[in-house]
Amino acid sequence: MAKNLIDRLSVDESNHEYLMKNYQEGGRFKLFSNVFFGKMGVMSKTNWLMLLFCLPAFAVIFYTAYRAFDYSVYTPFSSNFGLGYPVVNDAEEIYAGLMFQNNMFRALLLIPCIVIGCIGLAGAFNVIKYESLGFSVKLGKTFFKGVKNNMVTYMWLGFINALIFFVFELSLNFFGNPELALAVKIIAIVLSAILMAFVVVVSLYVMTQAALYDMPLVKMIKNAFWLTVSFFLQNLIIFILSLVPVVLLMVMGSSYFLQLIVIMVCAMLGFSYIVCIWTIFSHYVYGMVFTACIEKDKPQKKNRRRAK
């Protein structure tokens, strides 16, 4: 492990000793299986509690989807061919402008919705933290205790991620602008997507730290940044694995039966799966890195005592 990484990190030593004391033995895949599949009832109930905080986001998505359908039905495309009445010039441009406004309206409304959704993540991370450490939990009490203790931190993270998502949405919608060069559009989308993925990983590290340690937000963000950069390959693999629910929703096919199954599975376990995989992975990283930070300082403490 790089020494400069250890020197840059801040550690909550007392709570880290609590983590290591209750750290379950065995591989991370085995622990994930024991927690996620062995506690399926807890995972499902946690997911449903999390979904309550996502209701505003679902409402915005459904409402703007209805508006988009409304625009597609009532925009007079046929007027340009001499068949529509009344005649409207540049109907396709009008439709494109309405869709751009609708997408930007959705992105703006989702900013507070993402903040509210992240408040629910505070409860989910708290529940799965205790489950991964081998404790039996009272679900409702543990969930809302996590919300109470870490609400402000998660709200800030939600706000930052919402702004990054808005930038990504903006880059996607400018793809249809004929005045911009194709290369500029592609570069903007790629850069905003990379930025969003990076910020999400940093945020997940901060969320797992907030659920486990007692440190100022600035120190947790600093730790999360260096851990994201230092464990790039491992983070990339875990990030891809955590996208399984999203990928399933995107490629569920045209079969209504298959769509129903995928939607039900994601509704019951999607958020819990993501929280579980990042909790267990981050605990492994903290156990390795923060322990090295504490061990590094022990000889220095002895030398200070001798000097006194």
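**Entry 1: the cavity.** I began with the lining of the largest cavity, to which α3 (28–37) and α11 each supply at least two residues. Helices here are DSSP runs of H or I, at least four residues, numbered from the N terminus. I noted that this is a predicted model, where local features need pLDDT of at least 70, side-chain atom pairs count only at pLDDT 80 or more, and totals for chains, interfaces and linings use all residues. Residues are numbered from 1 along each chain as its sequence is written, and side-chain values use heavy atoms, without hydrogens and water.

A cavity is a set of points on a 1 Å grid over the protein atoms alone where a 1.4 Å probe fits but cannot get out; a pocket is an open set with protein on both sides within 12 Å along at least five of seven lines, and lining residues have an atom within 4 Å of a point. I found one cavity of 30 Å³ or more, and the largest has a volume of about 40 Å³. Its lining is Y23, Q24, R28, L31, S132, L133, I280 and H283.

**Entry 2: the pocket.** I looked up the largest pocket next and read about 2000 Å³ of space. A volume is the space filled by probe spheres set on the points, which are joined across faces, edges and corners. The pocket has 48 lining residues, with I114, F165, V246, F271 and I274 nearest its centre. α4 gives the largest share of this lining, eleven residues.

**Entry 3: helix α6.** I saw that α6 (residues 139–173) and α7 (residues 182–212) pack at an angle of about 170°, with axes 9 Å apart. Axes are lines fitted to C-alpha atoms, for helices over the stretch in contact, and angles run from 0 to 180 degrees between N-to-C directions. That makes α6 roughly antiparallel to α7, a label for angles over 145 degrees.

I also found a kink of about 70° in α6, centred on N150. The bend at a residue is the angle between axes fitted to the seven residues ending there and the seven starting there.

How values were computed
Parallel < 35°, antiparallel > 145°, perpendicular 65-115°, else oblique.
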